[in-house]
Amino acid sequence: MMKHAWDNYKRYAWGLNELKPISKQGHSSNLFGNIQGATIVDALDTLYIMEMKEEFKEAKEWVEKNLDFNVNAEISVFEVNIRFVGGLLSAYYLSGEEIFRKKAVELGEKLLPAFNTPTGIPWALLNIKSGIGRNWPWASGGSSILAEFGTLHLEFIHLSHLSGNPLFAEKVMNIRKVLNRLDKPEGLYPNYLNPSSGQWGQHHVSIGGLGDSFYEYLLKAWLMSGKTDEEGRKMYYDAVQAIETHLIRKSSGGLTYIAEWKGGLLEHKMGHLTCFAGGMFALGADGAPNDKTGHHIELGAEIARTCHESYDRTSMKLGPEAFRFDGGVEAIATRQNEKYYILRPEVIETYMYMWRLTHDPKYRQWGWEAVEALEKYCRVDGGYSGIRDVYNNHQSHDDVQQSFFLSETLKYLYLLFSEDDLLPFEHWVFNTEAHPLPVLHKDDGNKEENQK
């Protein structure tokens, strides 16, 4: 599958951000401004892990010669961080090739002006030539978004570690300071925070889009620190406690789901993005307070089952973008604009974590069902395409092969069917784009210094 996706990207869209597999041409998303090569950088570590050595070499040569950050363009700080910075960091740690470290630090430096706000909470959008930032015009009164400014921590800690420049780590630690000073409604973190006033915007809470990876990064910050980052640990388990109390519900059919919270009212809807949380709960089970380890694993298993049902209840056996638990339906998309599937990884990600942490064979079986569905409905001559309606037997393709399909979906599938000693959890933490970063132990800092 990786070879089919990569070879077609190379044939029809080489050097561009993504591939349109039906039209057989390049696709460019405005998230990356004029930076090019998203698929190449996102796929580097997958190629390396799968031992696709020739392809990795071509990708590395492209990065050396053509990856250019000196562009006059506005980019999404979040997307560029998780895909480009994350992808380069992983490629460096796996291969040891200096070019990847150099490019990661260079790009990290270009992102620093995003933090020039009254609170230090970064802008969502940044012109990387002028250093001028702003927020998405639709985000509650000029707010920054929790999942966006909360998903810089892992990469920026590693940028400080690899560059010897403490500024990167200081910027992300300051975000925590701001959050810890604020009152949390019912212990929950709203999705919107104003970077000028330092106050919450609308009180919307979601463990899916706009919120998701903030929680993931609290847990992973603690794991990545060799379990020394007590602040990250406490913030994570406190947040999970509030999520359990206020957002986790059981349907009449016995499915556990995570609802969204709008100013105190629950919307009984769960996004495909929220399905990552099953893996997160299981991954965090080991450090859970008051003998709650078993409970967190159980919670992970329940979310995995619900998300599997969202796949199983469609014609294509691929899950919709969002599914609901109201008006007599369970785990089904009821709105046309929620029935699409864009090759997303989150459900497979949870299967991978559940498999590694429990070795229950059903997770591999469920992963294989997804493989068969991807092959049947998403594979086309020119690569892999997303689908507009998973409930319809006549597939209508959206004609985009997302870079995260190569970075995340295929990597998590590969890991699901690999031995546990490939990227073992005690040594590696995956960023939210599935880029593995090594756990940093207290003495690592000095090692780097000695090498300089």
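A disulfide (a pair of cysteine sulfur atoms within 2.5 Å) is formed by C275 and C307, with their sulfur atoms 2.1 Å apart. C275 is located in the loop between β13 (269-271) and α11 (276-283) and C307 in helix α12 (residues 293-312), so the bond ties together parts that are 32 residues apart in sequence. The link of C275 and C307 is left-handed, with -90 degrees about the S-S bond. A search of the whole structure gives 1 disulfide. C275 counts as buried at 1% relative accessibility, and C307 counts as buried at 2%; buried denotes under 20% relative accessible area, exposed over 50% and partly exposed in between, with a 1.4 Å probe and protein chains only. C378 takes part in no disulfide, and the nearest cysteine sulfur, that of C275, is 16 Å away. C378 is also buried, at a relative accessible area of 0%.

The model is predicted: local features require pLDDT of at least 70 and side-chain atom pairs count only at pLDDT 80 or more, whereas totals for chains, interfaces and linings use all residues. Residues are numbered from 1 along each chain as its sequence is written, and side-chain values use heavy atoms, with hydrogens and water left out.

The protein contains 16 helices and 18 strands, taken as DSSP runs (H or I, at least four residues, for helices; E, at least two, for strands) numbered from the N terminus. The radius of gyration is 21 Å, close to the 22 Å that the globule rule gives for 452 residues, so the protein is as compact as a globular protein of that length. This radius is taken over C-alpha atoms, and the rule is 2.2 Å times the number of residues to the power 0.38. The C-alpha trace spans about 60 × 55 × 45 Å along its principal axes. Of the 452 residues, 63% count as buried. Among contacts (heavy atoms within 4.5 Å) between residues at least 6 apart in sequence, 67% join residues at least 24 apart.

N191 is placed in the loop between α8 (167-181) and β7 (192-193). At 3% relative accessibility, N191 counts as buried. Leaving aside neighbours within four places in sequence, N191 is in contact with S144, I145, L146, H204, V205, S206, G209, L210 and G211. The C-alpha atoms of N191 and Q202, which are 11 residues apart along the chain, are separated by 7.7 Å.
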